[in-house]
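Hi everyone, thanks for making time today. Let's take a look at the structure together, one piece at a time.

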Amino acid sequence: MRIPRRSVIGTGTITSLLALWAVLTMGATAETRIVSPVVLPSPLEVLASVKSLVTERALLQSIAATLWRVLLGFGLAVVVGVPLGVLAGSWRMVDAAAAPLALFGRNIPIAALIPLTILWFGIGEGQKVMFIFIACLPFVFSDTVTAIVNVPDRYVDTAQTLGAKAGQVIRKVLVPLAMPDVYSSLRNLFGLAFGYIMLAELINAKHGLGYLLSTSQRRGLTEHIILILVVIGLLAYGIDRLLQWLQKGFFPYRATGD
C-alpha cells in the first residue's frame, strides 16, 4: 500500500525534531549538555517520569476530569448555539438581534471570562463547565449562521416553487445542506475548547491536565510538563481523528479535506 506523501513528510518532521531534542540533551551531566536538564530534560528522562505521573499524580483521573468538563461545556454550547444559529441564519430579524451579542462574545478576551464565571458560578465544577460553554457559544452560533446563509439560493427557490413552507424549507433544505459545514466547524471548535479548559483548571481544581501543568511548573517538574503537553497533543489528535471518522460516516458525500 502506498503511503501518502503528506504522512511521510509529517513523520519526517517529527523524527527530525526528536533527533534534535536528543542531541541538545545528550550527556550524563548538566555541564556536558548543550541545554540544561532543568530547561529541557532528555527524551529518556521524560519517558522515565511516566510512572510517577501516572501512579503518584493521578494522570488518568486528570485526563478523565478534563475530558468530562470539555464534553459537558462544549455539548451545552452545541445544544444552545446550533439551534439559535439555524434560526438566525433563516430569519434576518433574529440574526440582527443576536449578531451584536455574538460579535461581542467572539472578541472578548477569554481570560476575562475567568473572574466573571467565578462571580456567577463559584469556584467548583460548575464554573469550569460554564466557562467552556460561554467561551464557545458565540463561535458555535456564528459558524452555524454562516453555514445556513451559505446554502445556495437555488435549493431554497426550488423548494418554495414546489410549495414548501418556511418551516419545511428550514427542516428539509437548509439544515441538511448546512450540517456538513456545521460539523466541520464544531470539529475545529472542539479543539479550541480543549485549549480553553487549561485556563479554567487553574482555579480550585483537584484534578485535570491544566491543574497538573500548573502544579508541575510550581514544583519545577519539567519532565512532567513536557509529558503532559505530549499527552494533551495525543488526546487532541486522537479526538480529531475520531471526529473525522464519524464525519465520513455522517456525510460520505462530502470530502473532509484531510
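Before the first stop, a word on terms: the bend at a residue is the angle between two axes, one fitted to the seven residues ending there and the other to the seven starting there. Please also keep in mind that this is a predicted model.

So, where does helix α7 bend? The place is C136, where α7 bends by about 35°. A proline, P138, follows within four residues. The helix covers residues 125-149, which is 25 residues. From first C-alpha to last it reaches 36 Å, close to the 36 Å expected at 1.5 Å a residue.

Now please turn to helix α4, residues 59-90, and helix α9, residues 166-200. Their axes come within 9 Å and cross at roughly 145°, and the crossing is right-handed. Which residues meet there? On the α4 side they include L67, L71, F74 and V78, and on the α9 side L186, F190 and I197 are among them. By class, this contact has 19 nonpolar, two polar and one charged residues.

Finally, the rings. Searching the whole structure gives three aromatic pairs. One of them is F74 with F190, an edge-to-face pair at 5.5 Å centre to centre, with 85° between the planes. F74 sits in α4 and F190 in α9, so this pair ties together parts that are 116 residues apart in sequence.

How values were computed: Residues are numbered from 1 along each chain as its sequence is written. This is a predicted model: local features need pLDDT of at least 70, side-chain atom pairs count only at pLDDT 80 or more; totals for chains, interfaces and linings use all residues. Side-chain values use heavy atoms; hydrogens and water are left out. Helices (H or I, at least four residues) and strands (E, at least two) are DSSP runs, numbered from the N terminus. The expected span of a helix is 1.5 Å times one less than its number of residues. Axes are lines fitted to C-alpha atoms, for helices over the stretch in contact, and angles run from 0 to 180 degrees between N-to-C directions. A crossing is left-handed if the near helix is turned anticlockwise from the far one by less than a right angle, and right-handed if clockwise. Contact means heavy atoms within 4.5 Å. Ala, Val, Leu, Ile, Met, Phe, Trp, Tyr, Cys and Pro count as nonpolar, Asp, Glu, Lys and Arg as charged, and the others, Gly among them, as polar. Rings of Phe, Tyr and Trp (its six-membered ring) pair if their centres lie within 6.5 Å; planes under 30 degrees apart count as stacked, over 60 as edge-to-face and the rest as tilted.
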